[in-house]
Amino acid sequence: MTPGAISPDQLAALLEQPAPHALLDVRERAAFERGHIYRATPLPRRLLELRLPGLVTAPATLIVLCDGDGSLSALAAPTLGEMGYTEVFVLTGGLDAWRSAGRPVVQGLNVPSKVFGERVLHEFKTPEISPLDLSARIAEGRDMVIVDTRTPEEYARGCLPGAFSMPGGELVLRIGELVARPDQTIVVHCGGRTRSYLGAESLRRMGLPNPIVAVKNGTMGWQLDGLELERGASRWPPAPSEKSRARAVEIATRVAGEDGTPLVSPDAVAERWSRRDRENVTLFDVRTREEYEAGHVPGSVWVPGGQAVQATDDNMAVRAGWLVLICDGYGRAIMTAGWLKRMGFPHVAVMEGGVPAWERSGRPLETGEPVPAPFGFEAARRVVETLPPGPLGDAVVVSVDPSDVYQRGHLPGARWIGRGRLELCIGRAAADTRQSVLVTCADGVQSTLAAATLRRMGYAAARVLDGGLAAWKAAGLEVQAGPGTMLDEPDDVVQKPYERGRAAMEAYLRWEEALDQRGVSPHALLPERPADSRGGR
């Protein structure tokens, strides 16, 4: 397939249109962080076969590929053609041409959500508390409930002392299990700013009588003020009582009416899902991981409510597509839908009755967390020769794992190349196509796709390590750790600001706080909330 070309001016006009389209940035995440087009979806080329079918379900959707200069997009486009996508375009000249045309570029990750969070703070006047003030209140033994609205993994790495883990989507269902009195202050925090404000405003919207405050700058602000985080915490609220569930339904019913969120039946969801090859449809299960794995609607993707709002650009490539949110009833799904609708997503609905209603309709559930094989994997496996763990002869060993995975452990002497730029870099490892090349990765999946690419390039002796590094380790063979031999730029991993030290945290917080003043979007992201929906304020 030969992709079409689209100019910066044509792309700018397309991004203003309501018709379904997707703008995919196929560079690695660190390159994306350094600068990208607002609302582009970061989808590194090496993940196209795995993630694209879920992000763009309708093959006729207009898709624009973007990178730094257009070269990587040109390599990626044929893969989309093989996958059945028919309207694929490459941004001519990539981001370089976009900049030269005077078009704006934004820095950072999850920028649309962070812009939205700052606008929530300013427009709803979310009450804040400084880390030093909160620390003093903790020392005085003030009557407070502190909740961390991040993921459980982030919470365990470091939270405010005494905080309970309660990801943002869980607040409406579980906060009642922790709050004992109407005068108890509820303190909400995350790592920085966005999820604190969204969590605090979700609680305020519930109409709770309690004072509710967000911790300014979250755990990073806490550390910058010289305070110690609690590490390894594991406090989780009790299972929601019937009273909490009834309250969540009551609140959700009100919120759905205020926001105009449609409730759709399982039959309607099934019918819509059956048309996903003609129009883009996404099913998000916003419950906890444990609930999802115990049983979920087939085809639904686990994206907890708070993360769905926090990372819209990662999870929703077609803004004009249909998005159906699912929980165990509709409390958590409706609260999540309310935020997404305020962010401007036009077709957000909630499945009425959630997973239990789906089951009552006579339809089956899936269990576990599905890990589909990437597109093309079975075909690649049929043509690529495998080599069992053991002597490698004179083969040049190339690892296509993520760079941090490679550095944690790889075959002795293995060179690292990111799979997304394999064609551009393989000559640094094996300049002669007659050389024997053994491709490895953690489990043998990405390496099989990479070996198939090398065979198409003329590397007839390209093989793959059967079972990957896992099989190598199981055979008791030597593994090396450390930087090894990096033949490509390791721009696939982005460290968190708190992993990079004080200066990085300060710079990140200044960047985030300034987002709302930068005017990165020509559109209003925060429609006015109905006057009667602010929890009685």
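Helices (H or I, at least four residues) and strands (E, at least two) are DSSP runs, numbered from the N terminus. The legends below describe a predicted model, in which local features need pLDDT of at least 70 and side-chain atom pairs count only at pLDDT 80 or more, whereas totals for chains, interfaces and linings use all residues. Residues are numbered from 1 along each chain as its sequence is written, and side-chain values use heavy atoms, with hydrogens and water left out.

**View 1. Isoleucine 129 in strand S6.** Isoleucine 129 belongs to strand S6 (residues 128-129) and, at 3% relative accessibility, counts as buried, a word that stands for under 20% relative accessible area, with exposed meaning over 50% and partly exposed in between (1.4 Å probe, protein chains only). Leaving aside neighbours within four places in sequence, isoleucine 129 is in contact (heavy atoms within 4.5 Å) with Leu134, Arg137, Val213, Ala214, Val215 and Lys216. The C-alpha atoms of isoleucine 129 and isoleucine 212 are separated by 9.7 Å, although these residues lie 83 residues apart along the chain.

**View 2. Strand S4 and its parallel partners.** Strand S4 (residues 62-66) is largely enclosed by the rest of the structure, because 4 of its 5 residues are buried. Two strands are said to pair if DSSP finds at least two bridges between them; strand S2 (residues 21-25) pairs with S4 in the parallel sense over 5 bridges, and alanine 22 has isoleucine 63 in S4 as its bridge partner. S4 also runs parallel to strand S5 (residues 87-91), to which 4 bridges join it, and there leucine 65 has valine 90 in S5 as its bridge partner.

**View 3. An open sheet of 6 strands.** With parallel pairing, the strands of this open sheet follow the order S16-S20-S19-S17-S18-S21, and the edge strands, each pairing on one side only, are S16 (385-387) and S21 (485-486). Helix H22 (residues 445-456) packs on the sheet, where it touches strand S19 (437-440) and strand S20 (462-465), and its direction makes about 175° with that of S20; axes are lines fitted to C-alpha atoms, for helices over the stretch in contact, and angles run from 0 to 180 degrees between N-to-C directions. Strand S17 (residues 396-399) and strand S18 (residues 415-416) run parallel and are joined by 2 bridges, with valine 398 standing opposite arginine 415 in S18.

**View 4. Histidine 410 in a loop.** Histidine 410 lies in the loop between helix H20 (403-408) and S18 and is buried, with a relative accessible area of 4%. Its side chain reaches the backbone oxygen of tyrosine 406 at 2.7 Å. Apart from neighbours within four places in sequence, the residues in contact with histidine 410 are Leu469, Val479, Gln480, Ala481, Gly482 and Gly484.

**View 5. Two nonpolar cores.** A nonpolar core is a set of buried Ala, Val, Leu, Ile, Met, Phe, Trp, Tyr and Cys residues joined through side-chain atoms within 4.5 Å. The largest has 47 residues, of which Val147, Ile175, Leu203, Met206, Phe284, Leu325 and Leu340 touch the most other members, while helix H17 (residues 331-342) supplies the largest share of this core, 6 residues. Another core, of 24 residues, lies apart from it and includes Val398, Leu449, Ala451 and Leu487.

How values were computed
A polar contact is a pair of N or O atoms within 3.5 Å; within protein, one must be able to donate a hydrogen and the other to accept it, and residues adjacent in sequence count only if both atoms are side-chain atoms.
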